[in-house]
Amino acid sequence: MFKQYKLKDYRFRLVVYVVILTIIGIFVVGSAQKSLQDNQIMGLFAGLVVMVIASLIDYSFLLKFRRIFYLMVVGLLGLVLTGIGVTRGGATRWIEIGGFQFQPSEICKILLILFFAAFFMKYRDTLNTWKMLLISLVLIAIPLVLILKQPNLSTTIIVAILFVSMIFVAGLSYKIVLGVLAVGIPAAIVSIILMLKEKFPLLQSYQYMRILSWLNPEKYPDDARQQQNSIIAIGSGQLWGKGLNNSSYTSLKNGNYVSEDQTDFIFTVIGEELGFVGCVIVIILILLIVFECIWIAKNARDLGGRLIASGMAALIGFQSFVNIGVTTGLLPNTGVPLPFVSYGLTSMVSMYIGIGLVLNVGLQARKYGSGDDF
């Protein structure tokens, strides 16, 4: 379970990037809602503790429990849909135990990375057979359906992208990739057409309106208001922003024109109060974290380690892209937290566990010139 590691192999650079990004998040969350800042600070310290612990546990030992991880995913997501689930705003995504609420889908992202890292490593030689592909699709379809039923379309998409990224890194044949694209692109076009006609069976009415209001905000001003206010707020920050905790009457945040500004729309607060410079710093930090994970994946000693590190890179990268894309109007309005920045202890601690796993992969990196190539 525990091994002897060399301190010089510890990727302190990655830790520094993550901590700086989290500290920025603490200040911005405090500006959005002062009462939540202490909880976010507690999340940082709790995250550091679990990160250090996870970084010292041999990931090969953890991969032996892949079946347990998968059962935990299905069990937690299934509990959400029972009477124990907590409903907010028409969505049931939380579980409350003894006054403590947490969001299982955030934990399940990390558990799925571990499961598929072990699964693809075990069956790497038969991965490109139709039988194994079908089994893989069934295994990912079950949690995706459970997440979609909450409903939580944004997390469903993130987990699906995570799966696709991992199976590609695991060695999916380019012939299969091209075949999927040949079928998937026309299917995507048909799906978009059906969405525009409000006949796509997987979407609910409010999800249709988010897409339509994104495409034509002038026609659906009420549904487009939050996203349009976010764009205006970010632009009003100009180069240096209006300053954290400012009392400016021109602040859209101070006027409560942007809801969920401590979670899904935290990047709006960054843009308005820290300006273009603050936005660039946050994006650069996210990119540095992603690149560090990819670099660790490149030098991982085996496929399991490579999949853990690349899975975390995909999760952080795509989830950040979706969050920032929504707040800036590049994507339709959908709610996902900005990693290490948005308020939420479940998301924060889960991400730190994931970083801890990546650090352990880095501690066991293969020597140059040995092992298989990336």
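## Side-chain contacts in a predicted model

Asn-299 is buried, with a relative accessible area of 7%. Buried means under 20% relative accessible area, exposed means over 50%, and partly exposed lies in between (1.4 Å probe, protein chains only). This is a predicted model, where local features need pLDDT of at least 70 and side-chain atom pairs count only at pLDDT 80 or more, while totals for chains, interfaces and linings use all residues. Residues are numbered from 1 along each chain as its sequence is written, and side-chain values use heavy atoms, with hydrogens and water left out.

Asn-299 is found in the loop between α11 (266-298) and α12 (303-327). Helices are DSSP runs (H or I, at least four residues), as are strands (E, at least two), and both are numbered from the N terminus. The Asn-299 side chain reaches the backbone oxygen of Trp-295 at 3.2 Å.

**Salt bridges**

A search of the whole structure finds 9 salt bridges. In each, a side-chain nitrogen of Lys or Arg is within 4 Å of a carboxyl oxygen of Asp or Glu.

| Pair | N to O distance |
|---|---|
| Asp-9 and Lys-8 | 3.5 Å |
| Lys-242 and Glu-272 | 3.3 Å |
| Glu-273 and Lys-253 | 2.6 Å |

Take Asp-9 and Lys-8. Asp-9 is partly exposed, at 25% relative accessible area. Lys-8 is exposed, at 66%.

Lys-242 is partly exposed, with a relative accessible area of 25%. Glu-272 counts as buried, at 1% relative accessibility.

Glu-273 lies in helix α11 and Lys-253 in the loop between α10 and α11, so this pair ties together parts that are 20 residues apart in sequence. Glu-273 is buried, with a relative accessible area of 0%. Lys-253 is buried too, at 8%. Elsewhere, salt bridges that share partners join Arg-11, Arg-13 and Glu-292 into one network.

**Aromatic rings**

Rings of Phe, Tyr and Trp (its six-membered ring) pair if their centres lie within 6.5 Å; planes under 30 degrees apart count as stacked, over 60 as edge-to-face and the rest as tilted. The count comes to 13 aromatic pairs. Why is the pair of Tyr-10 and Phe-12 tilted? The ring centres of Tyr-10 and Phe-12 are 5.0 Å apart and their planes are at 45°, so the pair is tilted. Tyr-10 counts as buried, at 14% relative accessibility. Phe-12 is partly exposed, with a relative accessible area of 42%.

Tyr-70 and Phe-115 form another tilted pair, with 4.8 Å centre to centre and 40° between the planes. This pair links distant parts of the chain: Tyr-70 is in helix α4 (residues 66-80) and Phe-115 in helix α5 (residues 104-122), 45 residues apart. Both Tyr-70 and Phe-115 are buried.

The charged end of Lys-122 sits over the ring of Tyr-123, 5.6 Å from its centre. This means that NZ of Lys or CZ of Arg is within 6 Å of the ring centre and within 35 degrees of the ring normal.

Technical notes
Polar contact = N/O pair within 3.5 Å; in protein donor to acceptor, adjacent residues only side chain to side chain.
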